[in-house]
Amino acid sequence: MGQLCGRCMQLLRDFVAFVQRMSSDLVHSIKECVTLISKCSCLKQNSSKARQLYKPILQPHERVTAQEFLQHIETGFEMSPLGKDPLEALRTLAFSENPGLQQSAALYYLHMSQHMNVPLPVEHLEPFYALLRSADLEVQQMSSLSLVNFLLEGNTDKELVVQMGLLEPILDLLESEDPTVQCNSCACTMTLAVSESNREAIGAAQGVTPLLSLANSYDPRVQQNAVGAILNLTQSEKIQQVLCKEGALPVLALLLESPDSEVQYYSCAALSNMAANIQHHEAMLRPGNRFLLRTLISLLSSSVDKVSSQACVCLRNLAISADIQAEMVAEDVLPKLRSLLASGSKDVRRAAIALLWILSQHPHNQDTLTCAELLQSLGMLLSAHKTDPVIVGHTACIIKNLSLSKNRQRIIESLCVEGLLQTMLSTDIQEDCLRCVTSCLAELAKQEGATLCMVQRMDEPLTKCLVRLAGQLEHAEASFQAASIIQHMTGHEKMMLLVKRHIGEIQAYLKNFLTHQEIRFQQLGISTFCRLQEDPEFSLAFRKSQMAKLLEQVRQQTEETQELLRAAICHEDS
C-alpha cells in the first residue's frame, strides 16, 4: 500500500485540527447550556424531578454493602435492632442515590415497624432523614408509614424524632401530590403534636398552613389525619393564636357538617379547645352570624355518641355570657338535651347535664327550664345513676338553681325531691356530691310546700342518714345543710316522731354546733334547740344533759362580744 504524499498529509492534519476545534466549541456550548439550565429556578422548585432525569450508577461500595446487608437478613433476621456493622450497611443504603437501594432500606424499616416490640435505638432514626427526603415515591410512602408505626406503638420517643431533625422532611411531605404520602405525613404530625414542645416546633416550622389546606382534602384518610393533627395542636394556647390568624375557625366550622363522623368529632373537639379560651369567643360568635352555634346545636342530635358529647362540651365552653345562654335556649336546645340525658353512654349523659347546669345559672332561663318534661328527666336520671358523682352533683345544682324560679312548685310535684333524698342513702356518694345534694334539699326545705313533700317521703333510714350527716363536722358544709333540713322538718309531727329515736345523736351535734367558731352553726344550734325543746321527751333529755348550762355559756360570750362591740362603736363615734 502506497504512502500519502506531503500535500495529502497536510490536508489530513488540517481536517483533524478543524474537527478538534469544532468539538471543543461544541463541548463548551453544551457546558454553558447545562450550566444555565441548572441555575434556573424552575429546577430548584422541585429537585426531585431533576434527579429523575438521570439514573444513578450503582457504586462499587454500594453493591458490596447491599450484598452484605442481604446476606445478614437471609442468615439471621430477627425483629430487633441491627448491630453496628449491619446498621452501617443500612445507613449506606438509605443515603444512596440509587432508588433500588433506598427502597430496600425503607422496606426493612417498614417490616421492622410492623413486628418489632422493643424501643428503636436513637441511631436507627438517622437514616430516616435520607429516606424521607428521597425523590422516589415508594421510598417516601414506606419510610413515612414505618415512622408512623414506630410512633403509634411507642417504639420511639416523639420529642427525640423532632430533635433529630426529622420534623422538617415530615412537614415537607405534607405538600406531596401523593395521597398516601400526605396521609402518612399527617399521621406523623398528629402523633408528634401530643407533646407541648413538639407543638411549638410544628408552629415555628409553619406546619399549620399545609395542615389547614389538607383539612379540605377529598381523600378521607388525609382529611381525618390533618384535622386530627389540628386538634392536637389546639391544646397549645400559643398555637391557637396561629390557627386563628391562618383562618382555622371557618375551616373547622364547615367541617362540622362533614359526612365523616371522625372529621366531625376532631373538628368539634378542636373548636372546644379553642372555645375554652374566652378571647376567641368574639371570632367564633360574630354578631349576625351564628352558623357555628346553630351547627353545634344540630350536632346534639348526632347518632354518634362522641360527636354529640363533644358538641355539648363546645357549647358549654361558649356559654359564658347570659346572651349566648339565652340564644341557646331560644334555639330549642332543651328537647335535644333531654334526649341525651336518657342516652346509654355515660360520657353523653355527663356532657349533657354539665351543659344544662351552665344554662340553669342564668335567671332568665330558669322559668323556661322548670318545665315538667325536663324535671321528670332529671328525677329519672337521679334514680338511675345515684352513684355517678358527675350526674348527682350537677343535677342537684340544677334543681337548686331552678328552685329560685316562679315555677318552683313543679319541682315539688316532680320526681326530683324523691331522687335527691334517695341519693343520700348511697354509700358510694362522694363528699362534693353530698354537699350539693344537702345544699339543694336545704334550699327546698325553706319553702313550706317542699318541706311537707319531704316529710311525706321521710322514713327511718333517711332520718338516720340525715342525723349521721349532721354529726360529721369534718364535712362542715354537708353537716350544716343536713342539720338545717332537720330543723325545718321538725315542725311536722311525723318528723318529730322519727327524730325521737335519735335524741342522743342530735344532742351531740347540737353541743358541737353551740361551741362552733362559725356563728351560723351557733345560730342553727340555738334555733333547733328551741324547736325541739317544745317536745317533752327532748326537753327532759336536754335538762339531763345540762344543755341549759351550755346555752348560758354561749349567752355570756355573746353579751361580752356585744359589750366589746358597743365600746368599739362608741370609741369610733367619739
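This is a predicted model: local features need pLDDT of at least 70, side-chain atom pairs count only at pLDDT 80 or more; totals for chains, interfaces and linings use all residues.
The protein has 574 residues, of which 48% are buried, and its secondary structure comprises 37 helices and zero strands. Among contacts between residues at least 6 apart in sequence, 72% join residues that are at least 24 apart. The accessible surface amounts to about 29100 Å², and carbon and sulfur atoms account for 52% of that area.

Helix α19, which spans residues 291-299, has L292, L293, T295, L296, I297 and L299 as its buried residues. The buried residues of α19 pack against α16 (248-255), α17 (261-275) and α18 (281-284), and also against α20 (305-318), α21 (322-330) and α22 (334-341).

The structure contains nine aromatic pairs, one of which, formed by F480 and F521, is edge-to-face, with 5.1 Å from centre to centre and 65° between the planes. Because F480 belongs to helix α32 (residues 476-489) and F521 to helix α35 (residues 519-532), this pair ties together parts that lie 41 residues apart in sequence. Both F480 and F521 are buried. A further pair joins Y509 and F513, whose planes stand at 55° with the ring centres 5.4 Å apart, so this pair is tilted. Y509 and F513 are both in helix α34 (residues 503-514), four residues or about one turn apart, and both are buried. Elsewhere, Y108, Y109, F128 and F150 form one aromatic cluster.

| Charged residue | Ring | Distance from ring centre |
|---|---|---|
| K306 | Y265 | 4.9 Å |
| R520 | F480 | 4.4 Å |

Note on methods
Residues are numbered from 1 along each chain as its sequence is written. Side-chain values use heavy atoms; hydrogens and water are left out. Buried means under 20% relative accessible area, exposed over 50%, partly exposed in between (1.4 Å probe, protein chains only). Helices (H or I, at least four residues) and strands (E, at least two) are DSSP runs, numbered from the N terminus. Contact means heavy atoms within 4.5 Å. Accessible areas come from the Shrake-Rupley method with a 1.4 Å probe; for residues, only the protein chains shown count as cover. Rings of Phe, Tyr and Trp (its six-membered ring) pair if their centres lie within 6.5 Å; planes under 30 degrees apart count as stacked, over 60 as edge-to-face and the rest as tilted. A charge sits over a ring if NZ of Lys or CZ of Arg is within 6 Å of the ring centre and within 35 degrees of the ring normal.
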